[in-house]
Amino acid sequence: MIASSAPGLRREIAGVSVAELAERYGTPLYVYDAEMIRRRCRDLAAWDTVRFAQKACSNLAVLDLVRREGVLVDAVSTGEIHRALAAGYTPHAAKVASADGLPPAHPIVYTADIFDRASLDAVVKHGIHVNCGSADMIEQLAERMPGASITLRVNPGFGHGHSQKTNTGGEGSKHGIWHEEIPDVLRRAEWAGMQVSGLHMHIGSGTDLAHLAEVAEALERVAIEVGRSLTMVSAGGGLPVPYKPGEVHADLSGYFTLWDATRKRLEDRFGHRIRLEIEPGRYLTAESGFVITEVRAVKKQGTRKYLLVDAGFNTLARPVLYGSYHPMSICPQGDDAAQRLEEVAVGGPLCESGDIFTQTDGGFVATRPLPAAGAGDLLVIEIAGAYGFVMASNYNSKPLPAEVLVDGGSHRLVRARQTPEDLVRGECV
Ligand code: LLP
């Protein structure tokens, strides 16, 4: 848990006053701590390539920040390709191998299970490398970019995530090329004149290292089937983040060692160097992000007390989608803070009963011990920097919140709050 002055209280985010941020930019507000993102990028320095799964948090300022840390980027749509380019990523790899003999890394990789027509156009226009999650993509790309090299996203037949909805392996998942189809897919690639230069497996999001460790062995088996054309292997994303009190950071050095050993065995077998990639989303940005909301009403429904805030599942959807737990704290209006903790349910403004931040999987309303708060106090939802803003919506015609980056004690707006005019842009009667 992130430290605060007393249990459940938070007056600052990375040295900047929560009250000042709320006053200056309004609420609900997403705030990111730049230094935390840098720290998480540096945690993964042992890997040849860290590729940010920008779907977790794709604000241009965040992309620019990770790019400056030497982190490359994944894109899953035309929009994400556009964002990567706008944040300063170049579409092509340098042609030369690096000093350590490693093959060049592609700055942007398009990873998906389909090309919609616009994304195929964008990939072709910019010459972006493609990681194919379905065999049909190979022929579709071959028609437009003959002779291109591709990587294959493989479904190893098992998966795991913090929720069944984020498990991306096994028969229950639509993702990736089924591991037993590889010989057939390799034939299709050869007929299409495409080179398979890499393999990628991503078994799910919010999993644990025990499940992730099984992937290295599965990938090695497939790599042997693919053979010497391989110059890159990717462990995918899925690195866990501690959300709940008592959870701790996983030991990433052991995880790297396992993958490094896998890579080295493949290098020995093929007689050339192999680039080792990791593709985290959540790990890089989750802990950097906060949602500042204002408490607008306090009420009792029978025996249960509710704090109603101005953020809802239109602002942060993870609790309603997965029953996800996010730590919360109160920033009181004045200097006096209630010392007494009370059990409260926290909900938002939406006209839907599921608009509750303290819910468990299945939609059951739970409570949280928080310092007593009233209308006008601020409530901060923490560890909200991954799959937070990016999954926000305009439900109930609520504008998307602003986003602010805090760095070195100062703060700046990195996305303006939507206006009522933005909400009806493009509509006509
Ligand atoms: N690579 C691929 C191909 C992915 O599909 C994903 C996530 C990642 C990497 C990054 O996974 P991470 O390191 O963030 O676990 N909305 C859900 C998470 C969905 C993840 C989708 N794919 C949530 O809020 O938990």
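Select S397 first. S397 is exposed, with a relative accessible area of 55% (exposed means over 50% relative accessible area, buried under 20%, with a 1.4 Å probe and protein chains only). Phi of S397 is near 50°, a positive value in a residue other than glycine. S397 belongs to the loop between β20 and β21; strands are DSSP runs of E with at least two residues, helices are runs of H or I with at least four, and both are numbered from the N terminus.

This is a predicted model, in which local features need pLDDT of at least 70 and side-chain atom pairs count only at pLDDT 80 or more, while totals for chains, interfaces and linings use all residues. Residues are numbered from 1 along each chain as its sequence is written, and side-chain values use heavy atoms, with hydrogens and water left out.

Next, select I383, in the loop between β20 (378-381) and β21 (402-407). Is I383 buried or exposed? I383 counts as buried, because its relative accessibility is 5%. Its phi is near 50°, again a positive value in a residue other than glycine.

The ligand is surrounded by 20 residues, the closest being H162, S205, E279, R318 and Y387; a residue is near a molecule if one of its heavy atoms lies within 4 Å of it. That shell divides into five nonpolar, 10 polar and five charged residues.

An oxygen atom of the ligand lies 2.8 Å from a backbone N or O atom of G238. At G281, a polar backbone atom is 2.9 Å from an oxygen atom of the ligand. In Y322, a side-chain N or O atom is 2.8 Å from a nitrogen atom of the ligand. Taken alone, the ligand exposes 580 Å², and the protein buries 92% of that (accessible areas come from the Shrake-Rupley method with a 1.4 Å probe).

Move to E287, in the loop between α10 (282-285) and β13 (289-301). E287 counts as buried, because its relative accessibility is 8%.

Then select D335, in the loop between β15 (328-331) and β16 (341-347). D335 is exposed, at 72% relative accessible area. The C-alpha atoms of D335 and R11 are separated by 9.9 Å, though the two are 324 residues apart along the chain.

Finish at P28, in the loop between α1 (18-25) and β3 (29-33). A cis peptide bond, with omega about -10°, joins T27 and P28.

How values were computed: A polar contact is a pair of N or O atoms within 3.5 Å; within protein, one must be able to donate a hydrogen and the other to accept it, and residues adjacent in sequence count only if both atoms are side-chain atoms. Ala, Val, Leu, Ile, Met, Phe, Trp, Tyr, Cys and Pro count as nonpolar, Asp, Glu, Lys and Arg as charged, and the others, Gly among them, as polar.
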